[in-house]
Amino acid sequence: MSSACAVTEGTKAIGQYLRRLREQAGISQRDLAVRMGCHQPAIARLEAGGVRPNVDTLRRIVEALGLQLELHAVSRDTALAASVPVHVRRS
């Protein structure tokens with residue numbers, strides 16, 4: 001996981017989206033942590049928006065969920081206004 005940071009709109013939106021993806025996959029935070037090789041509290045911090053995940057962390061999460069990460073360069077305002085802050089594709 002990446003370094004801790006203040007909860008912001010962006011980190012909170014990413015965390016909420018990742019939590020929805022995890023719940024849709026039907027797995028617990030603990031199961032996701034095991035798949036990623038980290039600890040459950042790290043997943044909880046990420047989902048709460050208290051961690052700014054780097055690209056490698058996002059990739060590891062979505063791959064553990066059986067998804068694929070897609071990155072698109074957009075302005076910060078566009079990213080914050082998006083209803084889906086991270087785009088993933090089913091593998």
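In what order do the elements of the protein chain run from the N terminus on? They run α-α-α-α-β-α-β. That is five helices and two strands in the protein chain. Before I go on, please keep in mind that this is a predicted model.

Some totals for the chain. It has 91 residues, and 33% of them count as buried. Taking contacts between residues at least 6 apart in sequence, 64% join residues at least 24 apart.

Now the core. The largest nonpolar core has 17 residues. Which residues have the most contacts inside it? They are Leu18, Leu21, Leu32, Met36, Ile61 and Leu65. The elements that contribute two or more residues to this core are helix H1, residues 9-25, then H2, H3, helix H4, residues 55-64, and strand S1, residues 67-70. H4 supplies the largest share, which is four residues.

In general, two packed helices are described by the angle between their axes and the distance between the axes. Helix H2 covers residues 29-36 and helix H3 covers residues 40-48; their axes come within 8 Å and cross at roughly 110°. At that angle, H2 is roughly perpendicular to H3. The crossing of these two helices is right-handed. On the H2 side, the contact is made by Gln29, Arg30, Leu32, Ala33 and Met36. On the H3 side, the residues are Gln40, Ile43, Ala44 and Glu47. Sorted by class, this contact of H2 with H3 has five nonpolar, two polar and two charged residues.

Alanine 44 lies in helix H3. Its relative accessibility is 26%, so alanine 44 counts as partly exposed. Alanine 44 and alanine 33 are 11 residues apart along the chain, and their C-alpha atoms are separated by 9.6 Å.

Next, H2 against H4. What is the angle at which H2 and H4 pack? The angle is about 115°, and the axes are 9 Å apart. So H2 is roughly perpendicular to H4. The crossing of H2 and H4 is right-handed. H2 brings Leu32, Arg35 and Met36 to this contact, and H4 brings Thr57, Arg60, Ile61 and Ala64. By class, the contact of H2 with H4 divides into four nonpolar residues, one polar and two charged.

Leaving aside residues up to four places away in sequence, which residues does leucine 32 touch? The list is Arg22, Ile27, Ile43, Ile61, Ala64 and Leu65.

Last, a residue of H2 with another setting. Valine 34 lies in helix H2. Is valine 34 buried or exposed? Valine 34 has a relative accessible area of 57%, so it is exposed. The C-alpha atoms of valine 34 and alanine 64 are separated by 9.3 Å, and the two residues are 30 apart along the chain.

To sum up, H2 is roughly perpendicular to H3, and H2 is roughly perpendicular to H4.

Terms used. Residues are numbered from 1 along each chain as its sequence is written. This is a predicted model: local features need pLDDT of at least 70, side-chain atom pairs count only at pLDDT 80 or more; totals for chains, interfaces and linings use all residues. Side-chain values use heavy atoms; hydrogens and water are left out. Axes are lines fitted to C-alpha atoms, for helices over the stretch in contact, and angles run from 0 to 180 degrees between N-to-C directions. Angles under 35 degrees count as roughly parallel, over 145 as roughly antiparallel, 65 to 115 as roughly perpendicular and the rest as oblique. A crossing is left-handed if the near helix is turned anticlockwise from the far one by less than a right angle, and right-handed if clockwise. Contact means heavy atoms within 4.5 Å. Ala, Val, Leu, Ile, Met, Phe, Trp, Tyr, Cys and Pro count as nonpolar, Asp, Glu, Lys and Arg as charged, and the others, Gly among them, as polar. A nonpolar core is a set of buried Ala, Val, Leu, Ile, Met, Phe, Trp, Tyr and Cys residues joined through side-chain atoms within 4.5 Å. Buried means under 20% relative accessible area, exposed over 50%, partly exposed in between (1.4 Å probe, protein chains only).
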